[in-house]
Amino acid sequence: MDRIALRQRNMIRPDEIPYSTAMGEEFDAGDFSGIFDKALLAADWDGFEARKKASEAKGRLLGRAAGIHMHASGGSVAERTQVRALPDGTIRVRTSSQDSGQAHGETLARVVAESLGISPERVKVEQGDSDVLLVGGSTGGSNLLPVSANTAHRSALVMIERAREMASDVLEAAVQDIEYQSGSLRISGTDRSISLAELVARLPDSPDTPVGHEQPAGCVGEVTFKGKHTTFPNGAYVIEVEVDPETGGITIARITGVDDLGRIIHPQSATGQIMGGLAQAAGEVLMEGMVFDGSGQPLSGSMMDYAVPRADDLPMFNLDWAPTDSPNSLLGVKGVGELSSIGGPGPISNAVHDALAPLGVTHLDIPLTPEKIWRAIHTQIAERRGET
């Protein structure tokens, strides 16, 4: 059966979502067949044969593969976030998540800025300080957006309500008459207003935390996560590889991908994480492997011996988005995390096997190193010649 038709037959249709799996999970949102079709079109799937002939003219073997993938995101739900207005006009966000290169700080700043209707430059994010946040999980499982960002958004909304309470005292008006907009509060229907910074500066003249109020004193919102934390980012990748039969060397010729991350808050970070995951996938399939001698001594115990992918191991990426908002998130987000490192290995490996299939090579375990490819090719050549 045609590989594309097989996948298309087994995809969940949009009208079947939300879809409950046998494992008790519920897929929240997605257009899986639409993403697959978009990836195939972007990769020029139908033009492959012409590229294959051009590759063969150079003495190379061209192979291709397509795969669809999904990642259950949303890690630790032990998240508590604090959003506080400061007298210098900035907003301080405290979160238990910890950045390790994914621009968490910038992303949360954008989320809170949007919630408050202000510029992200006014938002300062402090991460992972257990001296001030006694509840907090860790960074993992793509929990920044589904968990941390949603909690930061809710904290910002609580802060607005606290600010309205404080402004009602300062402006001497009923709370229900106080309107908030873009960092300022005013009495509805009048020109009497006060900024968040001015309000906080007058904090000593404002009432302390009311009895029974769950929030700390001041213009602050602090909440723990609640709601559904699992979302299902997904996508489709099409990979083409070129194999040199003389050396066994493999070149990834084309990488085309379409991913559904839900609403994307920080496009640069999302793109970088997709690229990084695909690089990781290439390393896993083509080069990374521990080697031991007969006594169990590792022979690839350092980065001098253990190969990792570099920029010249990858082509230019052809990436696109096809977002569907997650109903499990107040922000419509799904996260990204391990998505491309999940989706990349299958089609990379299958593309290599597709290239080798005409020679009779049916299965090789990863890593698909040049030596392993060369031996497999020449074993098949020897068998055809009756030399085995």
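**Helix packing and a loop residue in the predicted model**

Helix H4 (residues 104–116) packs against helix H5 (residues 144–170) at an angle of about 35°, with the two axes 9 Å apart. Axes are lines fitted to C-alpha atoms, for helices over the stretch in contact, and angles run from 0 to 180 degrees between N-to-C directions. The model is predicted: local features need pLDDT of at least 70, side-chain atom pairs count only at pLDDT 80 or more, and totals for chains, interfaces and linings use all residues. Residues are numbered from 1 along each chain as its sequence is written, and side-chain values use heavy atoms, with hydrogens and water left out.

In H4, the residues that meet H5 include Leu 108, Val 111 and Val 112, and those in H5 include Ala 149, Ala 152 and Ala 156; contact means heavy atoms within 4.5 Å. The residues of the contact of H4 with H5 divide into eleven nonpolar, five polar and no charged.

Helix H7 (residues 267–286) and helix H9 (residues 345–356) pack at about 45°, with their axes 8 Å apart. H7 is therefore oblique to H9 (angles under 35 degrees count as roughly parallel, over 145 as roughly antiparallel, 65 to 115 as roughly perpendicular and the rest as oblique). Leu 278, Ala 281, Ala 282, Glu 284, Val 285 and Leu 286 of H7 make the contact with Pro 345, Ile 348, Ser 349 and Val 352 of H9.

Ala 174 lies in the loop between H5 and strand E7 (178–181). Ala 174 and Arg 154 are 20 residues apart in sequence and 23 Å apart in space, C-alpha to C-alpha.

Key. Helices (H or I, at least four residues) and strands (E, at least two) are DSSP runs, numbered from the N terminus. Ala, Val, Leu, Ile, Met, Phe, Trp, Tyr, Cys and Pro count as nonpolar, Asp, Glu, Lys and Arg as charged, and the others, Gly among them, as polar.
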